[in-house]
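Good morning, everyone, and thank you for making time for this. I would like to walk you through one structure slowly, so please keep the sequence and the picture in view while I talk.

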Amino acid sequence: MGKESKVNRRKFLEVGIFAITGSIAAVSSAALTRFAIGPSFKKEKLKWIEVDLEDVLDDSSSFGRAVLQYQTKHGWLARREKALAYIRRTEEGEIIAINATCTHLGCIVSWDDDAQIFKCPCHDGRYDADGKVISGPPPAPLRRHNTKIEDGKVFLASETVPYGGDKSESI
Ligand code: FES
């Protein structure tokens, strides 16, 4: 065995060890990165919140009220959220849930049974019983919570959808 072949073998071993070490380092750092920042890219699943059946009025000229409380996670950050929804069952049996947050600057609207409208106390925004803007500065109708009925229980989605994008489902 000549000097040249010893050099070649040493070189081969050096390159091999370098390649294996490099691969291990790459796999480890990819796993660590995924563990460290992966959750911040994770989209949290929609939450369904059960509401008291007494809050779902059969009277289509009025609304029950339900306070939705749930927790959201944005990456590592967990937050407790709260929302107020006005709920009623239509004559067709569909349950509608209107989010009470004014689409202007986020004040909470209240339902006026006599006038049959939602009123915003902040800048006098007015909405009809469907949540559509009648007057004032609100730029869009009140948002909706999707609803579902499961085993006779009523659930509201934590996320809201724009007016017209809502749908109820019975299971
Ligand atoms: S916040 Fe409701 S009208 Fe301005």
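Let me begin with a turn: strands S3 and S4 form a hairpin, with 5 residues between the two strands, and Gly-93 in that turn has a positive phi of about 90°. Before I go further, please keep in mind that this is a predicted model, and that everything I say today is about that model.

Within it, Ala-66 has Ala-85 of S3 as its bridge partner. These two strands also make a hairpin, with 2 residues between them, and here Gly-75 takes a positive phi near 65°.

Let me now turn to S4 itself. How many of the residues of S4 are buried? The answer is 5 of the 5, so S4 is largely enclosed by the rest of the structure. In a regular strand the side chains alternate between the two faces of the sheet. In S4 you can follow this on the screen, where Ile-95, Ala-97 and Asn-99 point one way while Ile-96 and Ile-98 point the other way, and all of them are buried. S4 also pairs with S9, again in the antiparallel sense, over 2 bridges, and there Ala-97 stands opposite His-145.

In soluble globular proteins, nonpolar side chains tend to be buried together. The largest nonpolar core here has 22 residues, and those that touch the most other members are Ala-85, Ile-87, Ala-97 and Val-109. The elements that give two or more residues to this core are strand S3 (77-89), strand S4 (95-99) and strand S10 (153-161). If we take Ala-85 and leave aside its neighbours within four places in sequence, its contacts include Ala-66, Leu-68, Ala-97, His-145 and Leu-156.

With those details in place, let us step back to the whole chain. Of its 171 residues, 21% count as buried. Among the contacts with a separation of 6 or more, 38% are between residues 24 or more positions apart.

Next, please find the open sheet of 4 strands, which has the order S5-S6-S7-S8 with antiparallel pairing. Its edge strands are S5 (110-112) and S8 (133-135), each of which pairs on one side only. Strand S7, residues 126-127, is joined to S8 by 2 bridges, and Arg-126 stands opposite Ser-135 in S8.

Most residues other than glycine have a negative phi, and most peptide bonds are trans. Gln-116, however, has a positive phi of about 60° although it is not a glycine, and it is found in the loop between S5 and strand S6 (117-119). Asp-124, in the loop between S6 and S7, likewise has a positive phi, of about 65°, without being a glycine. Are these residues buried or exposed? Gln-116 is exposed, because it has 11 other C-beta atoms within 10 Å, and Asp-124 is exposed as well, with 12.

Thr-101, in the loop between S4 and S5, counts as partly exposed, with 18 C-beta neighbours inside 10 Å. Thr-101 and Arg-143 are 42 residues apart in sequence, yet 7.8 Å apart in space, C-alpha to C-alpha. Gly-152 sits in the loop between strand S9 (144-150) and S10, and counts as exposed, because it has 6 C-beta neighbours inside 10 Å. The C-alpha atoms of Gly-152 and Leu-53 are separated by 9.2 Å, although these residues are 99 apart along the chain.

Conventions
Residues numbered from 1 in each chain as written. Predicted model: local features only at pLDDT ≥ 70, side-chain atom pairs only at ≥ 80, totals over all residues. Buried ≥ 20, exposed ≤ 12 C-beta atoms within 10 Å, placed from the backbone. Contact = placed C-beta atoms within 7 Å. Pairing = 2+ DSSP bridges. Core = buried A, V, L, I, M, F, W, Y, C linked by C-beta atoms within 7 Å.
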